[in-house]
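Hi there,

Here is the structure I promised to pass on to you. Please have a look at it first, and then read my notes below.

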Amino acid sequence: MALNLTHQIGTLCGTPVTGEAASEQPSAVWKTASTITTAPIGANLRCRIMKGGGQGDLEQMSPPISPCRSPVLSAMRSPRSVACQALVAADRVETETDPDVEEREYGLGERGAKGKGVPVYVMLPLDTVKAGGGGLNRRKAMVASLMALKNAGAEGVMVDVWWGIVEREGPGVYDWSGYTELMEMARRIGLKVQAVMSFHKCGGNVGDSVTIPLPRWVGEEMEKDPDLAYTDQWGGRNYEYVSLGCDTLPVLKGRTPVQCYSDFMRAFRDHFAPFLGSTIVEIQVGMGPAGELRYPSYPELNGTWKFPGIGAFQCYDKYMLSNLRAAAEAAGKLEWGHGGPTDAGSYNNWPEDTAFFRREGGWNGAYGEFFLSWYSQLLLDHGDRILSAASSIFSSPSSVATGPVKISVKVAGIHWHYGTRSHAPELTAGYYNTRFRDGYLPIARMLARHGAVFNFTCIEMRDWEQPEDAQCRPEGLVRQVALAAKEAGVELAGENALPRYDETAHNKIVGAASEEEMAAFTYLRMGPELFKPENWRGFVGFVRSMREAKADRCKEQVEREAERFVHATGPFVHEAAVALMNG
């Protein structure tokens with residue numbers, strides 16, 4: 001994460017936190033705070049009162065602070081008032097377990113009642129846990145950031161649980177230390193967690209700011225047998241994820257890839273059983289590059305692919321070619337079993353550049369239907385195998401688990417060339433979706449069999465924002481996916497594909513989440529950019545709008561409410577900035 005937070009943080013924070021206060025351990029800060037704060041709109045006002053005989057029976061209350069953007073006026077606030085507001089979330093958490101504290105609740109109205117709106121989660125940095133083990137990166141910044149998210153109204157966070165970090169040392173040797181620390185921190189603060197079983201390499205995709213390889217012993221096996229990697233027709237290898245062609249073969253130190261994924265998830269379940277259903281509420285199962293159910297057809301690493309190229313088929317490793325030959329033989333067309341279409345162009349071609357993908361191309365012929373059906377079905381079978389294991393593992397958790405968790409799968413929002421007949425980029429990624437065929441309904445039905453949530457990206461995009469000549473149609477794509485999810489009877493959740501902090505994107509997400517009745521939304525991503533004053537102010541207003549599921553709220557009202565939360569979270573943002581800049 002770049003350490004480029006600006007001096008503008010001061011305009012958001014009001015009274016600065018002194019060096020002595022900033023260096024205090026978070027646990028000590030949590031235990032010494034007395035709390036009173038401006039209550040969130042639609043929430044209840046709580047005050048904590050020590051039961052008779054306790055030390056400090058009733059702390060003096062500070063008056064609410066009027067929202068104001070002026071850094072001058074903000075700096076005039078009482079340090080005690082700032083501290084009280086800043087630590088409200090932690091004291092609420094302690095109230096639940098402190099027998100000497102009585103919590104009294106005062107209703108402030110119906111708005112914001114439980115069960116209304118769409119909960120917002122925030123993706124944590126890719127390198128939240130140290131790559132070599134040993135705990136969290138930037139722990140102090142993480143504490144302050146999570147507290148800010150909690151006070152802003154976020155439901156929780158999403159974190160990648162990297163295969164390459166946890167099982168890096170050897171098969172079956174798991175190091176959960178950094179993630180244990182994170183889960184305990186989230187539980188104490190009162191945030192929920194979506195845990196992503198990330199069985200892919202980090203690095204080479206959109207937004208990848210760090211490199212986290214697959215486990216060392218997996219890499220060694222792939223060096224011995226390069227066909228364990230996805231391969232294109234020119235012999236190019238992609239080492240982001242083990243090829244699904246060997247899903248059921250014991251190619252990884254005597255285990256199949258699916259067995260490795262299953263053992264990892266089972267170990268996660270057993271280790272984190274006390275958190276399941278309470279703190280950890282969702283398990284997103286990684287199934288390909290970037291954690292998505294797809295082939296690595298548009299890799300950005302080394303400039304192989306650039307937007308809006310059509311990508312390339314990934315079916316030339318020996319395991320997938322063997323499967324293709326068997327399918328061709330079963331169809332009575334041996335000549336179709338030698339590989340994918342030879343006239344499908346290359347990564348950066350456009351549909352009309354190729355004989356296969358152009359308007360009346362081979363994609364719509366007998367061979368095209370055979371190949372695309374086979375290619376997409378292998379992807380569905382891959383998802384089905386892993387989901388079968390995941391649903392079995394997490395539907396019968398350890399006896400100490402606090403409850404069930406949801407299972408979800410992420411599908412990529414490939415919106416470029418969506419307006420063409422062939423939908424070439426979707427086809428190379430494994431989604432058999434064309435002008436004449438719905439490629440997302442089979443995926444939704446596969447997820448429905450396992451009760452999994454359909455997580456989809458590009459929710460923030462509008463058609464007019466995209467290059468017109470590439471016939472990008474993100475809005476139409478989202479509608480199609482939402483209809484498929486509804487027909488299959490699965491829950492739909494969303495993410496933004498790219499970092500966006502502007503009001504246009506926020507309003508688009510709020511509208512789509514409401515119209516498509518999304519179960520949750522995960523916001524990309526927590527980091528220095530999010531905590532810049534204007535971005536943070538917009539995010540706080542966005543979270544409030546999502547909780548009410550209204551896209552057409554009065555702008556002035558949203559800003560007034562956002563200001564209240566900006567002031568309440570300012571000290572956390574400042575503490576995060578100090579911690580980040582100090583490393």
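**What I found**

C458 is buried, because its relative accessibility is 0% (buried is under 20% relative accessible area, exposed over 50%, partly exposed in between, with a 1.4 Å probe and protein chains only). C260 counts as buried too, at 0% relative accessibility. The structure has zero disulfides, a disulfide being a pair of cysteine sulfur atoms within 2.5 Å.

Before the rest, a word on the model: it is predicted, so local features need pLDDT of at least 70 and side-chain atom pairs count only at pLDDT 80 or more, while totals for chains, interfaces and linings use all residues. Residues are numbered from 1 along each chain as its sequence is written, and side-chain values use heavy atoms, with hydrogens and water left out.

**Helix α9**

Helices (H or I, at least four residues) and strands (E, at least two) are DSSP runs numbered from the N terminus. Helix α9 covers residues 177-189, and its end C-alpha atoms are 19 Å apart, which agrees with the 18 Å that its 13 residues should span at 1.5 Å a residue (the expected span is 1.5 Å times one less than the number of residues). Its buried residues include Y179, L182, M183 and I189. G190 follows α9, with a positive phi near 100°.

**Salt bridges**

There are 28 salt bridges in the structure (a side-chain nitrogen of Lys or Arg within 4 Å of a carboxyl oxygen of Asp or Glu). R139 is partly exposed at 36% relative accessibility, and E181 is partly exposed at 23%.

**Aromatic pairs**

The whole structure contains 42 aromatic pairs; rings of Phe, Tyr and Trp (its six-membered ring) pair if their centres lie within 6.5 Å, with planes under 30 degrees apart counted as stacked, over 60 as edge-to-face and the rest as tilted. Among them is the edge-to-face pair of F521 and F542, 6.1 Å centre to centre with 75° between the planes. F521 lies in strand β12 (residues 521-523) and F542 in helix α18 (residues 533-548), so this pair links distant parts of the chain, 21 residues apart. F521 is buried at 0% relative accessibility, and F542 is buried at 2% relative accessible area.

Best wishes
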